[in-house]
Amino acid sequence: MWSQGREGLVFALISALSFGLSGALARPLLDSGWSSGTIVTIRIGVGGLALVPLALHDMRGRWSLLRRYAVTIGLYGLFGVVIAQFCFFSAIQTIPVATGMLIEHTAPVVVLLWLWIAHRQRPSPLLGTGVVLCAIGLLFVLEITSGGAGLDVAGVLWATAAMIGAVGYFFISAKPHEDLPPSVLSAAGMIAAAALLGVLGAVGLMPFDVGDGTAHFTGFSIPAWLALLGLALVTVALAYPTGIIAARILGARLASLIALTEVIAATIWAAVLLSEVPSVIQLIGGVLVIAGVVCAKLGEPVTAPDTGMVGGGVVVGAPDIVDTCCEGDRPRDAGTGADDPSCR
């Protein structure tokens, strides 16, 4: 049992480290003239295709799943991929990667706060504490307490839009779909989203710019195609399956809490690759935000009324989110999964 737990922890950390790399890989591409739409389309298109073998294995020839859950897959692609990812990459053009990541990671708290207001449920002390900690932490992260020096309003709004996209996806996927494997939802949703973005770019409704052929990091440069390949294969094709495996081994609640290390990973990657080092006050704010999310998740109701949401969903990365439904703290079925909007 202990050995299995250690294995699950390794998969969870690999997933978080992989997802956390996305912002640091994308920022040099954005700085060199690549548009957010181009980067997201290539990332999810190639990453989605790389997930197809896993999806086919989990689907086991049940092609009717694609037809039966076409609406769910389409909405997942729109909110969880197009809105969340496009807005996140747009945000980090003008604000630090870690700041954008932290703002987006408040999505589970916003979901729980909305359920509290909408259903007039008295919040648990932990949930209330989590909301307060997140609010205070964001003030520190955005350095509003020091007059908002260097605060880019447009970047913050883009990051907030990414968070709203994640929230929308959580609600859309709230109803458990026990026979729809997460890998199928991810692969099909990403491919559909890439097709949508490609059409928008082709007709001129979204900038689809291709920048320089070189991505410049701190102290070194690599070909742009290699950075794009890393975004697709590392931050999608590697991050998603390892996150799903971690959820099945550790259980949804524990895996989702470990997945918060993605924010720490994003901060470290940005510092090493981009020399983006947060200020002391921003680091304090980041700790408060993460603590707030942890408190909120530990204090969430076991079952949210009228939504089909089961407490303890698992996050496998921002802005890409795949959750597995669970009974208590264990996945419902080792071969299937459904989404739980109580997490990021």
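Me: Which residue in strand 2 stands opposite Thr214?

Reply: Pro223 is the one opposite Thr214. Before we go on, this is a predicted model, so to speak: local features need pLDDT of at least 70, side-chain atom pairs count only at pLDDT 80 or more, and totals for chains, interfaces and linings use all residues. Residues are numbered from 1 along each chain as its sequence is written, and side-chain values use heavy atoms, with hydrogens and water left out.

Me: How do strand 1 and strand 2 pair?

Reply: Strands pair if DSSP finds at least two bridges between them. Here strand 1 (residues 214–217) and strand 2 (residues 220–223) run antiparallel, with four bridges. The two make a hairpin with two residues between them, and Gly219 in the turn has a positive phi of about 90 degrees.

Me: Which side chains of strand 1 are buried?

Reply: Go by relative accessible area: under 20% is buried, over 50% is exposed, and partly exposed is in between (1.4 Å probe, protein chains only). Along strand 1 the side chains alternate. For the protein as a whole, buried residues make up 56% of the 344 residues.

Me: How many helices and strands does the protein have?

Reply: Helices and strands are DSSP runs numbered from the N terminus (helices: H or I, at least four residues; strands: E, at least two). This protein comes to 14 helices and six strands.

Me: What span does helix 10 reach?

Reply: The expected span is 1.5 Å times one less than the number of residues. Helix 10 (residues 182–202) has 21 residues and reaches 30 Å from first C-alpha to last, close to the 30 Å expected. Just after helix 10 comes Gly204, with a positive phi of about 85 degrees.

Me: What does the side chain of Thr41 reach?

Reply: This is a polar contact: a pair of N or O atoms within 3.5 Å, where within protein one must be able to donate a hydrogen and the other to accept it, and residues adjacent in sequence count only if both atoms are side-chain atoms. The side chain of Thr41 reaches the backbone oxygen of Gly37 at 2.6 Å. A plain contact just needs heavy atoms within 4.5 Å. Leaving aside neighbours within four places in sequence, Thr41 is in contact with Ala194, Leu197, Gly198 and Phe208.

Me: And salt bridges: how many does a search of the whole structure find?

Reply: Look for a side-chain nitrogen of Lys or Arg within 4 Å of a carboxyl oxygen of Asp or Glu. The search finds three. One joins Asp31 to Arg27, with the closest N and O atoms 3.4 Å apart. They sit four residues apart in helix 2 (residues 22–31), so about one helical turn separates them. Asp31 is exposed at 54%, while Arg27 is buried at 14%.

Me: Which other residue meets Arg27 in a salt bridge?

Reply: That's Glu276, at 2.8 Å from N to O. This pair links distant parts of the chain, 249 residues apart: Glu276 is in the loop between helix 13 (261–274) and helix 14 (280–298), and Arg27 is in helix 2. Glu276 is buried, with a relative accessible area of 17%.

Asp179 and Arg68 also meet in a salt bridge, at 2.3 Å from N to O. They are 111 residues apart, with Asp179 in the loop between helix 9 (153–172) and helix 10, and Arg68 in helix 4 (residues 64–68). Asp179 is partly exposed at 23%. Shared partners join Arg27, Asp31 and Glu276 into one network.

Me: Last one: how many aromatic pairs are there?

Reply: The structure holds four. Rings of Phe, Tyr and Trp (its six-membered ring) pair if their centres lie within 6.5 Å; planes under 30 degrees apart are stacked, over 60 edge-to-face, and the rest tilted. Phe19 and Tyr240 are edge-to-face, at 5.2 Å centre to centre and 80 degrees between the planes. Phe19 is in helix 1 (residues 2–20) and Tyr240 in helix 11 (residues 224–250), 221 residues apart. Phe19 is buried at 0%, and Tyr240 is buried at 1%. Phe88 and Phe89 form a tilted pair, at 5.6 Å and 55 degrees, and both are buried.
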